[in-house]
Amino acid sequence: MVSILLLLGLLLPAIGAQSVGVCNGRLGDNLPSEQEVVDLYRANGIGRMRIYDLNQATLQALRGSNIELILDVPNSDLQTLASDASAATQWVQNNVRNYFPDVKFRYISVGNEVDPNSGTAQFVPFVLPAMQNIYKAIAAAGLQDQIKVSTATYSALVSDSYPPSQGNFKDNARSFMEPIIGFLVNNRSPLLANIYPYFGYIGDPVNIQLPYALFTAPGVVVEDNSYQYSNLFDAMLDAMYSAVEKVGGQGLEIVVSESGWPSEGGNAATMDNASTYYRNLINHVKGGTPKKPGNAIETYLFAMFDENLKPNAETEKHFGLFYPNKQPKYQVTFN
Ligand SMILES: *[C@@H]1O[C@H](CO)[C@@H](O)[C@H](O)[C@H]1NC(C)=O
């Protein structure tokens, strides 16, 4: 009995102490090799990774690493996978079965930020059929309980997010998301969601105070019936939960598949603000949101490195936690 208790005492902290994950984008021409990147994750105790580009060298380097992985299906592959079940079988063979179980696949994210109101609108019809075909291929391999098939959405699909209980998918996003939520409920998969208080703040700096976005507000900022919000991250995540619940997703878990703050290139993008954000976020996600208290929020920080080839706003190039030379930008601990 004593030895069992001792053993439990030794094991429980290890089980409870899940570290945050980090997204491993590779849109840079000066990044370390895939093996060096995996080594850097391990040296920093980062136990989870998201990758976007089906980089076989990364999958190879992950073998035996014990790092749990979100593997993206790039948006550009969705149409083929939606229309051709054998293409999905081949995709799962090439990118999953060839590496399983040496690589610990956790989720497959079928598409990222597909949005009927943005430049990704063309992909809307393909997301659910691609999820279904990938799921069938995963199930045919007997892996459906170990590797969950999902998609990564983001806050732009949600309207009326103030206060969070009013969160609702926009009219033309609801018909897109509702059957996807049904698929996730049926298959007991979480929804993945990219949650960026940074973009919330810079989109409305008049009404949103910077401390609310950086987890440094001294007290409650938003009262929402019985829920009290002192940070924008919880408010944005609970607005997503509210939207999901309104289309049949009661009980569905949301995994935060990206969150970060840039250090340079725009409003509020400073080393100090970014460092404050990442440090407080890592600490904060050990507990839940007002709507979902208690359990840790599974969260992936964006991103591992500054990526000098990222298009669009200058800030996009400065979301890294590390410089391309592997030096840390901030003093943060990941576990
Ligand atoms: C954070 O961003 C705000 C808004 O742009 C800026 O005024 C402030 O100087 C920044 N704070 C730090 C500590 O860098």
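Where is Ala303 found? Ala303 sits in the segment after strand 12 (299-301), where strands are DSSP runs of E with at least two residues, helices are DSSP runs of H or I with at least four, and both are numbered from the N terminus. A cis peptide bond joins Ala303 to Phe302, with omega about 5°.

Before I go on, a word on the model. It is predicted, so to speak of a local feature requires pLDDT of at least 70, side-chain atom pairs count only at pLDDT 80 or more, and totals for chains, interfaces and linings use all residues. Residues are numbered from 1 along each chain as its sequence is written, and side-chain values use heavy atoms, with hydrogens and water left out.

There is another cis peptide bond to point out, between Tyr162 and Pro163, with omega about -15°. Pro163 belongs to the loop between strand 6 (158-159) and strand 7 (168-169). Phe215 is in the loop between helix 9 (210-213) and strand 9 (222-224). Its phi is near 65°, a positive value in a residue other than glycine.

Now the helices. Two packed helices are described by the angle between their axes and the distance between the axes. Axes here are lines fitted to C-alpha atoms, for helices over the stretch in contact, and angles run from 0 to 180 degrees between N-to-C directions. Helix 5 (residues 85-97) packs on helix 6 (residues 124-140) at about 60°, with the axes 8 Å apart. The pair is therefore oblique; under 35 degrees counts as roughly parallel, over 145 as roughly antiparallel, 65 to 115 as roughly perpendicular, and the rest as oblique.

Helix 6 also packs with helix 7 (residues 171-186), at about 15° and with axes 9 Å apart. Those two are therefore roughly parallel.

Last, the ligand. Which residues are around the ligand? They are Tyr201, Leu210, Asn267, Ala268, Thr270, Asp272 and Asn273, taking a residue as near if one of its heavy atoms lies within 4 Å.

For Ala268 a backbone N or O atom is 3.1 Å from a ligand oxygen. The side chain of Thr270 has an N or O atom 2.7 Å from one, and for the side chain of Asn273 the distance is 2.2 Å. The protein covers 52% of the 370 Å² of accessible area that the ligand has on its own, by the Shrake-Rupley method with a 1.4 Å probe.

Note on methods
Polar contact = N/O pair within 3.5 Å; in protein donor to acceptor, adjacent residues only side chain to side chain.
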